[in-house]
Each structure stands twice: as C-alpha cells, then as structure tokens.
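Reader: I would like to learn how the features of a structure are read from its atoms. Could we take them one at a time, with the general idea before the case?

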Amino acid sequence: MKKLENGWNTSVPGFEAGAAMAKLVYGLYRYTVNENGIDVVKEELRHVDKVERGLACNCFCPDCECNGRLEARQGDVNEHHFAHHKLDECEYGYRIGITL
C-alpha cells in the first residue's frame, strides 16, 4: 500500500493525493435485550468515544452493503475513529464518514 507523508492510504478508490479524508466516527452498536422472554437484537449509532476500545466496541459499519466489523481506535496520537477490522470489507467506508 502506498502512503503519503500524512499517512493516508492512496489505494482507496476515489482518493486523490493531497485530499483530506473524513474519518468514520459513528458505528452501529449491536446489543441484545430480552423483551417478553424473547432475545431481540437492537442497533443504534454510537460515537467512537461512547464505546469500548478495539473490537470490544461491538460495532459494525453503517454501510448497508458492507456491514463489516469495526475497531474503535482511541489512541493518544490520532483523532479517535473507527476502522474496518479487515481493510477489504468496505471500499467506500470513508465516504460514510462524510454522510453521517
């Protein structure tokens, strides 16, 4: 993968060198609740700062087609954001960050 000085991956479709990219800061948080004896899976959008770090966040990509697993990256150097657990899960994840 080719990286620029600012660290952006230039192999992403639609990426132009020097262009700023939005980071995904909302993910679909999945949890189960028991309603009248039936386990029901629920989803809600959660900000990266409102979930646990890494894969423990239990979040998924809000893209309807991708729905890939996300990691909450909450380090001390870069801005907090979500990243796909596997890079090939979503071609357009960065665009979702702009829409949300």
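Author: Let us begin with the surface, where accessible areas come from the Shrake-Rupley method with a 1.4 Å probe, and for residues only the protein chains shown count as cover. Here the accessible surface of the protein comes to about 6900 Å², and 47% of that surface belongs to carbon and sulfur atoms. This is a predicted model, in which local features need pLDDT of at least 70 and side-chain atom pairs count only at pLDDT 80 or more, while totals for chains, interfaces and linings use all residues. Residues are numbered from 1 along each chain as its sequence is written, and side-chain values use heavy atoms, with hydrogens and water left out.

Reader: Which elements does the protein contain, and how do they run from the N terminus on?

Author: Helices (H or I, at least four residues) and strands (E, at least two) are DSSP runs, numbered from the N terminus. The protein has 1 helix and 5 strands, and the elements follow one another as β-β-β-β-β-α.

Reader: What order do the strands of the sheet have?

Author: Two strands pair if DSSP finds at least two bridges between them. In this case the 5 strands form an open sheet in the order β2-β1-β3-β4-β5, with antiparallel pairing. The edge strands, each of which pairs on one side only, are β2 (38-47) and β5. From one strand to the next the twist averages 50°, where axes are lines fitted to C-alpha atoms and angles run from 0 to 180 degrees between N-to-C directions.

Reader: How many bridges join β3 to β4, and how many join β4 to β5?

Author: Strand β3 (residues 54-60) is joined to strand β4 (residues 69-73) by 3 bridges, and Cys59 stands opposite Leu70 in β4. Between β4 and strand β5 (residues 81-84) there are 4 bridges, again antiparallel, with Glu71 opposite Ala83 in β5.

Reader: Which residues make up the largest nonpolar core?

Author: A nonpolar core is a set of buried (under 20% relative accessible area, 1.4 Å probe, protein chains only) Ala, Val, Leu, Ile, Met, Phe, Trp, Tyr and Cys residues joined through side-chain atoms within 4.5 Å. The largest one holds 10 residues, among them Leu24, Val51, Cys59, Leu70 and Phe82, and β3 and β4 each supply at least two residues of this core.

Technical notes:
Buried < 20%, exposed > 50% of the residue type's maximum accessible area, 1.4 Å probe, protein only.
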